[in-house]
Amino acid sequence: MLRIGLTGGMGAGKSTVARALAEHGAVIIDSDVIAREVVAPGTPGLAALVEAFGADILAADGSLDRPALAAKAFRDDESRATLNSITHPLVGQRTAELLAAAAPDAIVVQDVPLLVENNMAPFVNLVLVVDAATETRVRRLVEFRGVDETDARARIAAQATDEQRYAAADVLLDNNGAAGAVEAEVARLWDGRLVPFEANMRAGIAVRSEFGIVDARPEWAAQAQRLIARLQVAAGAAAVRVDHIGATAVPGLPAPDVLELQVTVADRAGVDGIRDALAGAGFPLLEAPIHEPSPGGGDEPTEARTHGSADPGRPAFVHVRVADSPGEKFALALRDWLRADEQARTEYTEVIRAAARKAAGLGGDEAWAAYAAAQDPWLTGVAQQVADRRSTENPE
């Protein structure tokens, strides 16, 4: 099962995207619909609200009078906390029931207006954010929903900022265009990324992208942070730390467009202990791990495993290593040295480009192995320098 989080500001067109996804076969779990269901007449949720806030929150027909509840529940932090303590567990329970009922090969889209505000992004495999300019959103709210303009602007201002949503977005769907444009974008996304992503997860297949290097890309850091958050949730307490490593973690370095991440665990049992959890989060184990440079202590077959991303839209390697093992320490120390030392970055840039030339014309795993092996001599030569710098900055 592939879990997608769908969000966007009021008036951005999230419902339009949800309908388009449903037409392609997605299972939609709408948090707003669930929030109404769990407090419908006759439910334990409504009874609990009446007990907490009084019978005057009910309409004449026995249903919830939402404005009356809001007047009481949002008057202070304590009342708001009481409301949340009643409704949030019920919404969570119903969401879990719907997830459990979905087919194993389903693409489940959780439509959550406050996904960013509630920090839910790390708990899904991919986040889609529907985007539209503020003035466009205000116009839609006024024209199509009958919302007063002042109220519309106030509601938009009370939600997450565009920047906060962009930081959470694995995919940004532009809904500023003509009618039908965003639906076409959804169709391309469905066929080109979501369907293959789900199939890869179900089969335990990590994406093995074709080798090639590109100039440094500013989005790598934010993309890595989103994956790190998911890995931390998946690994739980077993993860001592999760880091962005490798060339994509150093601003300015050219690199293959494949993020490298490192999950540090406490002991060898932790390496295998989180294998299934990482696979469930979209990072299956690579059956044929990539060749790694040797200066950090070799391939460490008993202390390290390499996972990959099942997402064809964001290839990644995830190295799981034991804390203070040679490979774990070297990966962090090399990254930090390269970030701090301009001359080292210049040298390594030339090493990367030369290694890429060695891999040119080769295919698949052979190209990746040639690329890594070509870097070994330089990495071996700087290993002691890197270790000395780490010891100076982190004395025992």
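Helices are taken here as DSSP runs of H or I with at least four residues, numbered from the N terminus. In this predicted model, helix α3 spans residues 44-53, and G54, which comes just after α3, adopts a positive phi of about 105 degrees.

Within α3, the buried residues are G45, L46, L49 and F53. Viewed down the helix axis, these buried residues fall within an arc of 95 degrees, so they line one face of α3. An α-helix has 3.6 residues a turn, so residues three or four places apart point the same way. The face of α3 turned away from the buried side carries P44 and E51, which are exposed. The cover over the buried residues of α3 includes α4 (66-73) and α5 (77-101).

Strand β7 is joined to β9 (residues 259-265) in the antiparallel sense over 6 bridges, and V242 stands opposite V263 of β9.

The C-alpha atom of G327 is separated by 8.4 Å from that of A304, although the two residues are 23 residues apart along the chain.

In soluble globular proteins, nonpolar side chains tend to be buried together. The largest nonpolar core of the model has 51 residues, and those with the most contacts inside it are L231, V263, W337, L338, Y348 and W378. Two or more residues are given to this core by each of α10 (220-235), β7, β9, β11, α13, α14 (342-359) and α15 (364-393). Helix α15 gives the most, with 9 residues. The surroundings of L338 can be described in detail: not counting residues up to four places away in sequence, L338 touches V250, L253, A344, R345, Y348 and W378. A second, separate core has 25 residues, among them L128, W190, F197 and A310.

Note on methods: Residues are numbered from 1 along each chain as its sequence is written. This is a predicted model: local features need pLDDT of at least 70, side-chain atom pairs count only at pLDDT 80 or more; totals for chains, interfaces and linings use all residues. Side-chain values use heavy atoms; hydrogens and water are left out. Buried means under 20% relative accessible area, exposed over 50%, partly exposed in between (1.4 Å probe, protein chains only). The arc is that of the directions from the helix axis to the C-beta atoms. Contact means heavy atoms within 4.5 Å. Two strands pair if DSSP finds at least two bridges between them. A nonpolar core is a set of buried Ala, Val, Leu, Ile, Met, Phe, Trp, Tyr and Cys residues joined through side-chain atoms within 4.5 Å.
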